Amino acid sequence: MTDLNASAAAPWRAGVIQDFAKSELFDRTFEEGMMLVEETAGYLDGAGRHDSKILSRNAALAYATESMRLTTRLMQVASWLLVQRAVKEGEMAAEAACAESYRLAEETAVVGAAVEELPYGLVNLLQRSERLYERVRHLDKRMYVEIALEEAPRPVQAHFDRLTAAFGG
C-alpha cells in the first residue's frame, strides 16, 4: 500500500488508532519496550562488553552480529511506539501515523551462531526483544495494514441491510 492509499483510507481508521494509543495495552507495551531498550543499552555498555571479550573469535563475531540485530529490532519497536505516543498526546494526527514509512519491516531470517556459544545476558535480551517485536508487528499489521485492506465501514448500508432482513426485500 502506498502512502497515497494509506492517506485515503486513514480517516475512518483514525478512531481505531486513537483508541489504541489511549489504551492500557499501549501503555503496558510502551513501558515494556522502553524498559527493554534501557536494559539492553545497560547490558551492551556494561556486562555485555565484558562478556564479549572472553568469547572465542567465532563467538565474538556472532555476538557482534546478534547485538546489532538486537539494537536494530529494538530501535524499530521504539520508533513505532513513539509514533503511537505522539498520536496519543495529539502531537501527530492518527492519519499521519498511517504512512508507510512508519510500518515495521519484516525481519529477515538469519541463521545465527549456536545459542550456547553466546552469553546468557545477550540470549535473554534477544528472546525477549523478539517476542516484543512480534507482538508490536502484529499490532502494526492489524491496525495499519490488514484493516486498510478491509472495506471502510458503511453504517447507513448496515442499517438498510438490517431493515431488509427484518421486513423482507
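1. Start with helix H2. H2 has 22 residues. From its first C-alpha to its last, H2 reaches 32 Å, close to the 32 Å expected at 1.5 Å a residue. Keep in mind that this is a predicted model.

2. Which residues of H2 are buried? They are Phe26, Thr29, Phe30, Gly33, Met34, Leu36, Val37, Thr40, Tyr43 and Leu44. Look at the spacing along the helix. An α-helix has 3.6 residues a turn, so residues three or four places apart point the same way.

3. Now the charged side chains of H2. Glu24 forms a salt bridge with Arg28, and the closest N and O atoms are 3.1 Å apart. Why can these two meet within one helix? Glu24 and Arg28 are 4 residues apart in H2 (residues 24-45), so about one helical turn separates them. Glu24 counts as exposed, at 57% relative accessibility. Arg28 counts as partly exposed, at 47%.

4. Glu32 and Arg135 meet through their side chains at 2.3 Å, N to O. Glu32 lies in H2 and Arg135 in helix H5 (residues 120-149), so this pair ties together parts that are 103 residues apart in sequence. Arg135 is partly exposed at 38% relative accessibility. Glu32 is partly exposed too, with a relative accessible area of 33%.

5. The side chains of Glu39 and Arg128 form a salt bridge at 2.7 Å, N to O. Glu39 sits in H2 and Arg128 in H5, so the parts tied together are 89 residues apart in sequence. Glu39 has a relative accessible area of 37% and is partly exposed. Arg128, with 25%, is partly exposed as well. How many salt bridges are there by this rule? The count comes to 8.

6. Step back to the whole protein. The protein has 6 helices and 0 strands. Along the sequence, the pattern reads α-α-α-α-α-α. Take the contacts with a separation of 6 or more: residues 24 or more positions apart account for 83% of them.

7. Next, the inside. Of the 169 residues in the protein, 37% are buried. The largest nonpolar core holds 40 residues. Ile17, Tyr63, Trp80, Leu81, Val87, Leu122 and Tyr144 touch the most other members. Which elements give two or more residues to this core? They are H1, H2, helix H4 (57-88) and H5. H4 supplies the largest share, 12 residues.

8. Ile17 is then in contact with Gln84, Val87, Ala94, Cys98, Met143 and Tyr144. Two of these partners, Val87 and Tyr144, are also among the core residues that touch the most other members.

9. The accessible surface of the protein comes to about 10300 Å². Carbon and sulfur atoms make up 56% of that surface.

10. Finally, a caution on confidence. The protein averages a pLDDT of 85, and 79% of the residues score at least 70. Over residues 1-10 the pLDDT is below 50. Beyond near neighbours in sequence, this stretch has 11 contacts in the model. Where pLDDT is low, the predicted coordinates should not be read in detail.

Conventions. Residues numbered from 1 in each chain as written. Predicted model: local features only at pLDDT ≥ 70, side-chain atom pairs only at ≥ 80, totals over all residues. Heavy atoms only, no water. Salt bridge = Lys/Arg side-chain N within 4 Å of Asp/Glu carboxyl O. Buried < 20%, exposed > 50% of the residue type's maximum accessible area, 1.4 Å probe, protein only. pLDDT = per-residue confidence, 0-100. Contact = heavy atoms within 4.5 Å. Expected span 1.5 Å × (residues − 1). Core = buried A, V, L, I, M, F, W, Y, C linked by side-chain atoms within 4.5 Å. Areas by Shrake-Rupley, 256 points an atom, 1.4 Å probe, with all protein chains shown as cover.
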